[in-house]
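Morning, everyone. Let me put the model up, and then I'll walk through it piece by piece.

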Amino acid sequence: MNDEFMTLRNLLDERAAGRPHDLAYAFLAGDKLQQQWDYAGLRQQVARVEAFLNNSCASGSRALLVYPQGLEFMAAFLACLCQNVVAVPVPAPETYNLRRSLPRLKAISDDAQAAVVLTTRRILDLLSANGDQAAWDFKAIPWIATDELPDEPATDSDDHTIPPQELAYLQYTSGSTSTPSGVMITHQNLMHHLQTLHTACGYGDGVTVTWMPHFHDYGLVQGLLQPLFSGDPCYVMSPLSFMKRPAHWLGAISKYAGTHSQAPNFAYDHCVRRIRPKDCAALNLSSWKAAGNAAEPINPLVLDSFASTFEPYGFRKNAFSPAFGLAEATLLVSSTPLGSGPYVIDLDAASLETGRVVLARDGNSVRKAVSCGQLVGNTRVAIVDPDSLSASSVDVIGEIWVSDPAVAAGYWDQPEKSAATFQAHLSDTGEGPWLRTGDLGFMRDGHLFVSGRLKDLIIIRGANFAPQDLEWIAQGSHPALEETESAAFSVMINGDERLVIIQELKRNELPADADIREIAAGVRQAIAEEFDIRAYAVALVRRGAILKTSSGKIQRRACRAGLLDGSLETIDLLSEGPLPPAQVKA
């Protein structure tokens with residue numbers, strides 16, 4: 001890749017001129033090819049939106065991008081970058097979730113001080129038909145259906161030189177542990193990181209298949225922008241299509257010889273549980289050389305079960321590429337090198353709960369830990385004591401701090417939070433600035449291991465517990481429980497931290513003679529047997545009740561608040577005593 005491309009506009013112009021008829025993007029509706037653009041067609045679609053922005057939006061103004069998954073989003077996003085308008089990707093509202101999604105959209109629009117909303121005619125019609133329900137002020141800023149804009153010729157890129165330090169887009173964080181904030185990604189951040197991923201993840205001469213949502217950093221950067229940077233065709237499908245029929249995802253990889261496709265841990269588990277042998281008759285996954293796994297904790301049992309299930313259809317376990325990243329670093333901090341497969345170590349569970357990293361010995365309780373790979377590019381990481389802010393001792397878990405040119409410029413309009421997160425310095429050496437990730441982990445043998453979120457960490461009797469470890473055990477304790485839907489957190493009872501589990505029940509799969517209280521007791525017993533701690537309370541809730549971010553992450557603090565203030569409706573609550581009032585612990 002030539003270093004001369006300072007922005008995606010330069011690269012897009014080069015692709016359209018040099019490879020006009022090569023496929024850029026295709027959209028799949030289920031297993032059907034619905035729409036496709038070559039590079040010349042993509043450039044033309046971008047030009048349509050550019051012409052509007054050039055006439056209507058000042059340089060540096062923000063544009064809210066409200067699109068369903070599809071190619072229209074790419075035209076709008078790239079047009080914003082070409083015209084130096086700051087793109088703000090957000091989830092598109094749907095009829096069934098207007099009451100939940102629209103307040104978030106309005107909050108982001110207000111925070112970003114958006115000058116315009118770019119969208120489609122279908123979204124406009126949906127909101128107009130549900131005006132009372134939507135409670136959205138259409139008159140505050142203009143809403144533009146870009147799929148109705150007239151064709152316009154592409155403009156000369158030399159007239160629109162954009163300094164690398166200018167903002168390219170705002171990536172609003174998912175809010176799994178805090179209020180969403182707009183991460184400021186510059187053109188330099190983006191281009192540097194795309195070059196890093198091109199090399200580290202083996203792009204070029206391949207094919208990408210993605211269903212990850214475009215408003216999530218994983219779906220935007222690696223799913224959609226990396227193929228354009230690397231010159232690889234990209235097949236796009238909707239997250240809903242994957243959730244309804246995960247066979248569509250693997251089928252697309254098979255049909256189009258996909259080499260790169262990423263997803264969180266739950267997606268691989270979803271495939272194992274939902275794809276039937278008859279769906280695999282024509283499946284050939286031998287082309288898949290980089291199966292990225294990031295955005296949530298990685299369960300080694302899921303890696304094993306997916307590999308054993310789909311190895312007969314050409315999948316190779318060494319194609320798995322566990323990784324770690326966050327929007328504040330543009331995307332990835334670490335990734336597993338191509339073809340090396342997952343690196344898993346056995347740790348002593350008792351030591352791990354005290355924050356120490358000790359390899360397990362025969363007879364000891366074992367906790368398997370999956371590496372999130374090796375540091376990409378020139379990234380540096382420090383493992384830091386989150387209290388003293390000094391470098392942690394070797395083999396001691398600490399907060400992961402990151403330094404790299406891909407680290408973002410800060411949070412939009414939040415100088416104090418930006419300084420605390422992006423301008424950290426080690427107290428013992430003064431070295432900095434570092435990005436504080438809020439994630440806990442350790443380095444071993446050149447690999448980065450992530451053990452949990454600092455804000456989600458549960459400490460009981462002096463022992464540390466990552467909530468996802470507790471959730472995995474709870475989910476598997478009874479067949480009537482959803483396998484991926486629970487939330488673990490702690491509450492303060494008489495000065496002591498106590499464990500609470502919220503667990504969803506499967507819909508329409510509860511046996512007629514099932515004893516709800518027995519199921520809740522089974523969750524408590526499974527936790528006790530595995531971790532030697534007792535859950536103070538187990539709440540069983542209906543399917544879909546667990547609160548999540550727009551990208552599917554469990555909002556543990558929001559679940560906790562809902563349980564304590566009574567807004568989260570429970571089917572059964574097994575508790576050793578009264579829960580504290582909501583205001584006891586923030």
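Start at Ala 257, in the loop between helix H10 (247–255) and strand S11 (260–263). Helices here are DSSP runs of H or I with at least four residues, strands are runs of E with at least two, and both are numbered from the N terminus. Ala 257 is not a glycine, yet its phi is positive, about 55 degrees. Its relative accessible area is 38%, so Ala 257 is partly exposed. The cut-offs are these: buried is under 20% relative accessible area, exposed is over 50%, and partly exposed lies in between, with a 1.4 Å probe and protein chains only.

A word on provenance. This is a predicted model, where local features need pLDDT of at least 70, side-chain atom pairs count only at pLDDT 80 or more, and totals for chains, interfaces and linings use all residues. Residues are numbered from 1 along each chain as its sequence is written, and side-chain values use heavy atoms, with hydrogens and water left out.

Asp 532 lies in the loop between helix H16 (516–531) and strand S26 (535–541). With a relative accessible area of 59%, Asp 532 is exposed.

One more loop. The peptide bond from Gly 432 to Pro 433 is cis, omega near 0 degrees. Pro 433 sits between helix H14 (415–422) and S20.

The largest nonpolar core has 108 residues, and Leu 118, Trp 249 and Leu 250 have the most contacts inside it. Helix H3 (residues 71–82) gives the most to this core, 11 residues. By nonpolar core I mean buried Ala, Val, Leu, Ile, Met, Phe, Trp, Tyr and Cys residues joined through side-chain atoms within 4.5 Å. What does Leu 250 touch, not counting residues up to four places away in sequence? Its contacts (heavy atoms within 4.5 Å) are Cys 271, Ile 275, Leu 283, Leu 285, Trp 288, Phe 306 and Phe 310.

Next, helix H1 (residues 8–18). Its buried residues are Leu 8, Arg 9, Leu 11, Leu 12, Arg 15 and Ala 16. They cover an arc of only 165 degrees around the axis, so they lie on the same side of H1. That arc is taken from the directions from the helix axis to the C-beta atoms. The face turned away carries exposed Ala 17 and Gly 18. The cover over the buried residues of H1 includes helix H2 (39–56), H3, helix H7 (187–200) and helix H8 (217–230).

On to the strands. All six residues of strand S7 (residues 167–172) are buried. S7 runs antiparallel to strand S8 (residues 182–186), with five bridges between them. Gln 171 stands opposite Val 183. Pairing requires at least two DSSP bridges between two strands.

Last, an open sheet. Four strands, antiparallel, in the order S18-S19-S20-S21. Strand S18 (380–384) and strand S21 (447–453) are the edges; each has a single partner strand, so one side of each has no neighbour in the sheet. Strand S20 (residues 435–444) is joined to S21 by six bridges. Within that pair, Phe 442 has Phe 449 as its bridge partner.
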